[in-house]
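Here is a short briefing to read alongside the structure. Have the sequence and the 3D view at hand as you go through the points.

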Amino acid sequence: MSNTVDHIDPRLPKDIAEASQWQLMWRKFKKHKLALISLYFVGFLYVIAAFAEFFQPFDPEVTSRRDVFHPPQAIKFLDRTEDGTRFRPHVLGTTLSRDPETLATSYEINADEKIYISILGKTKPYKLAGFIPMSRRIIAPTKQGERFYLFGGDRLGRDMLSRTIAGTRISMSIGLVGVAMSLFLGTLIGGMAGYLGGWIDSVSTRAIELILSMPTIPIWLGLSATIPADIDPLMRYFAITVILSLIGWTELARVVRGRFLALRTEDFVTAARLDGARPRRVVFRHIMPSLMSHIIASVSLAIPAMILAETSLSFLGLGLLPPSISWGVLLKEAQNIRSIAQAPWLFTPGVFVLFAVLALNFLGDGLRDAADPYAQDLG
Amino acid sequence: MTQQQASANRPILEVKNLVTAFDTRHGTFTAVDDVSLELVPGETLCLVGESGSGKSVLSRSILQLVDRPGRIVSGEILLHEAHPDPKQDTTTELDLAKLEPRSGIIRNIRGRDIGMIFQEPMSSLSPVHTIGSQISESLKLHEGLNKKQARERVIEMLRRVEIPNPERAIDQYPFEFSGGMRQRAMIAMALVCNPKVLIADEPTTALDVTIQAEILDLLEELKTQNNMAILFITHDMGVVAEIADKVAVMRYGKLVENGNVKDVFANPQHDYTKSLLQAAHQTQLPSTERLAMREERPLGDPILEAKSLRKEFYGKTGLLGMKKTTLVAVDDANFTLREGESLGIVGESGSGKTTLARCIQRVLSVNSGELHYTDRSGASTEITQLDDKQLQPTWRDMRTVFQDPFASLNPRMTVSQIIGECLLLNGMHSKADRRARILELLDLVGLPSSAMERFPHAFSGGQRQRISIARAIAPNPRIVIADEATSALDVSIRIQIMDLLLDLQKQLNLSYIFISHDVGLVRFFCDRVLVMYKGQIVESGDSEQVCTKPNHEYTQALLSAVPIADPTQRGQQKRVRYQQ
């Protein structure tokens with residue numbers, strides 16, 4: 001028996017010997033620099049979404065009649081006073097003036113008035129995520145009651161930065177929750193169609209094709225118009241998520257069905273069957289793990305679609321409604337010509353949508369490439 | 001005459017100290033390491049080597065077709081009589097290694113001075129263009145012919161590669177051609193500009209042996225007609241013996257042997273060449289180990305009996321799948337397998353041998369017929385009508401080793417999980433027991449115990465096949481079905497796996513059903529053999545008798561097409577073609 005051990009191919013790198021599939025995937029993913037940056041960016045957005053109240057300098061609902069359409073202010077870090085220059089972040093105060101003839105308002109910078117900002121400053125007590133009592137925010141005016149507008153103020157003088165952060169929570173989470181629901185439906189229906197085949201496959205495939213052939217926006221509009229207008233904002237949030245995922249599951253179901261069809265005839269699945277594995281074990285122990293990477297990749301590509309869908313619905317006024325705050329709701333404020341002319345900073349949520357969707361798409365691309373065992377490993 | 005003689009001996013292409021390397025994450029990997037070769041007009045140089053030896057990279061380096069991150073590091077590739085300018089007929093000497101992979105000059109060389117044929121005739125032709133338009137493309141590019149002239153030349157070329165009815169074939173699409181016809185079309189494409197050098201990278205590996213024989217004949221004929229130099233890449237020593245004038249052997253990127261074919265076969269210098277030749281010769285005769293084993297322990301009683309097995313597949317064609325078609329994959333198969341016996345099933349692709357194996361294993365259902373399995377206690381069961389649950393005891397006794405060592409092991413499980421799966425599902429719940437059994441099995445198949453916690457991708461093809469065998473013998477079976485279990489492996493590893501299987505048979509008194517397209521392997525390994533053709537068993541009997549004195553005409557045709565690994569016997573075998 002001693003002469004039966006194979007020679008070792010010199011091409012086999014030694015260190016992958018005990019690396020699992022996930023470790024190999026991560027290694028491949030790391031080479032996709034854009035995807036890696038996107039991963040960090042998306043992670044950052046979700047951290048903001050999770051701890052939204054902590055990152056908001058102000059309560060997003062608090063209005064200020066004096067600061068209607070207040071322009072964005074720049075933070076100055078060095079404070080020059082008679083005592084010398086010190087590190088003390090602040091913004092310069094403004095005074096409102098009105099043109100006596102045209103009645104147009106304008107804010108003049110008042111260099112003497114400084115609004116100091118403290119990091120982890122104390123503010124009015126609030127509850128993080130609705131139940132953790134806290135009283136500090138990441139940045140807050142040193143003197144309570146003062147206000148500053150890093151992203152500007154809206155038509156009621158509410159702080160756009162705080163509102164955008166609040167919108168991040170809803171918009172980013174609607175993607176996650178919606179995709180989670182689509183994923184459940186998609187894997188269940190797609191998996192059954194792919195594994196069982198036969199009439200179940202025919203019926204569900206036709207159903208998927210039917211749903212995919214319908215124009216999505218009118219369907220969403222029609223469905224969301226059936227939600228009562230006076231419903232609780234949280235319920236509305238869930239209703240909208242359900243509506244979005246009722247369409248979103250189809251794409252995932254197709255992916256899952258295709259993978260099941262391919263894997264069902266793989267030799268190792270047949271081998272498991274011959275080993276005496278029952279169908280449930282074959283599906284969960286053998287097919288599902290091989291599917292996981294593909295599912296993760298399709299999910300990360302489905303999230304941006306979800307976010308865009310929510311944004312467009314809310315923008316059209318049939319998605320979430322105030323007092324809920326999402327990027328779409330915020331962009332609804334920027335619908336008229338006046339905001340373009342007078343307060344272009346109302347578009348900042350749009351910039352967030354753009355970057356979030358781009359980052360999620362890059363992330364999905366990177367994951368898909370990393371999960372694909374046939375992709376060439378270049379260097 | 002003398003002038004022609006002189007030019008015939010002068011090489012047309014010289015590779016000098018070529019080094020091609022790939023920059024990888026783990027450092028630079030040298031795929032071709034200091035290789036020097038010469039191609040002479042009118043001669044075939046066979047480049048032999050196993051997978052990963054760098055033979056394909058070498059051939060691609062010549063045409064500057066190496067994909068990134070590969071690059072030619074140093075060395076020269078001298079092409080004499082090159083046509084760098086398509087408009088002029090002047091020839092010069094050119095160093096191809098110095099050219100840019102995307103330069104116009106190398107594009108002029110490709111197809112015009114050096115033609116290339118690839119392994120897979122399925123994927124190297126464009127499916128959406130007609131055969132004619134693909135072949136005439138290089139004529140238009142290199143010789144600036146107009147449509148009508150090009151068409152004439154293409155028809156002429158198709159006639160030369162013996163494609164029947166070339167006037168019609170020129171307007172057909174690749175999918176209308178069989179594998180052998182596609183490879184002929186591919187050859188026509190490579191040769192239409194009358195190149196002086198032809199590089200053929202495993203052109204017959206994907207083809208059936210009878211078609212391989214025809215393609216080899218064709219290449220030989222074209223070589224003499226055109227006075228062309230052929231670089232023929234292969235791993236099959238039989239093919240080498242059949243067509244080579246000179247042989248070069250590569251291993252791990254280095255050239256280990258280079259010489260005249262008869263000298264190399266008669267008197268190999270390098271140990272590696274010796275082992276390759278030994279493996280090739282060994283599989284042309286019955287295994288002495290097997291014969292000794294049968295002396296010691298004669299075959300037992302029949303344990304598996306098939307009576308007129310039939311398997312049909314149904315397809316749908318026509319509008320909305322209204323028309324049903326039936327394909328009879330296995331028709332009226334009868335055989336008996338005895339205890340301790342190795343039964344071979346041999347046939348070409350599409351002959352139904354794999355379907356038959358899957359029917360025996362009952363992965364597939366059977367349309368009609370009976371399959372009787374006699375277990376250890378002597379009780380006989382008819383298994384064609386059982387469902388998965390009722391088949392459990394039979395599946396424990398009858399196991400499969402699959403063809404593809406990469407697809408048959410779950411990539412997400414460690415080796416101990418893969419082998420342990422069957423033990424666990426058959427009631428061995430104690431972890432320590434399972435571990436002990438897995439260690440025993442790994443030792444039995446010649447793998448170190450450290451393999452247990454590794455994933456399949458950490459192993460080479462041969463080692464994976466050992467894992468697959470360990471999984472098959474885990475529940476102590478009586479029958480192992482090996483479906484082309486060695487065909488994905490290199491020659492030297494193949495013989496190791498065959499020896500392992502024989503060794504296990506000796507120790508565990510296994511019966512094998514061994515499916516292969518390779519007649520030599522079947523003769524080496526099996527006591528009896530079934531020859532399948534188009535779903536039917538056309539001949540069955542003692543393997544020696546079938547392989548030396550075949551009765552059926554198809555078997556005769558099949559055997560006459562098998563290349564013999566001995567260049568001195570070249571051309572002595574009379575080729576029989578089987579026409580139904």
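N227(B) counts as partly exposed because it has 14 C-beta neighbours inside 10 Å, a number between the limits for exposed (12 or fewer) and buried (20 or more). Please keep in mind that this is a predicted model.

**Asparagines with positive phi**
- N227(B) sits in the loop between α8 (209-226) and β8 (229-234) of chain B.
- Although N227(B) is not a glycine, its phi is positive, at about 50 degrees.
- N165(B), also a residue other than glycine, has a positive phi near 55 degrees.
- The loop that holds N165(B) runs between α5 (147-160) and α6 (166-169) of chain B.
- N165(B) is exposed because it has 10 other C-beta atoms within 10 Å, and 12 or fewer is the limit for that class.

**A buried proline**
- P195(B) belongs to the loop between α7 (179-191) and β7 (197-201) of chain B.
- P195(B) counts as buried because 24 C-beta neighbours lie inside 10 Å.
- Leaving aside residues up to four places away in sequence, P195(B) touches R112(B), D113(B), I114(B) and G115(B).
- G115(B) is 80 residues from P195(B) in sequence, yet their C-alpha atoms are 5.9 Å apart.

**The four-stranded sheet**
- Chain B has an open sheet of four strands in the order β2-β1-β4-β5, with antiparallel pairing.
- Its edge strands, β2 (27-39) and β5 (92-95) of chain B, each pair on one side only.
- From one strand to the next, the twist averages 15 degrees.
- Nine bridges join β1 (residues 13-24) of chain B to β2(B) in the antiparallel sense.
- L18(B) has V35(B) in β2(B) as its bridge partner.

Methods
Residues numbered from 1 in each chain as written. Chains lettered and ligands numbered in written order. Predicted model: local features only at pLDDT ≥ 70, side-chain atom pairs only at ≥ 80, totals over all residues. Helix = DSSP H or I, 4+ residues; strand = E, 2+ residues; numbered from the N terminus. Contact = placed C-beta atoms within 7 Å. Pairing = 2+ DSSP bridges. Axes fitted to C-alpha atoms, helices over the stretch in contact; angles between N-to-C directions.
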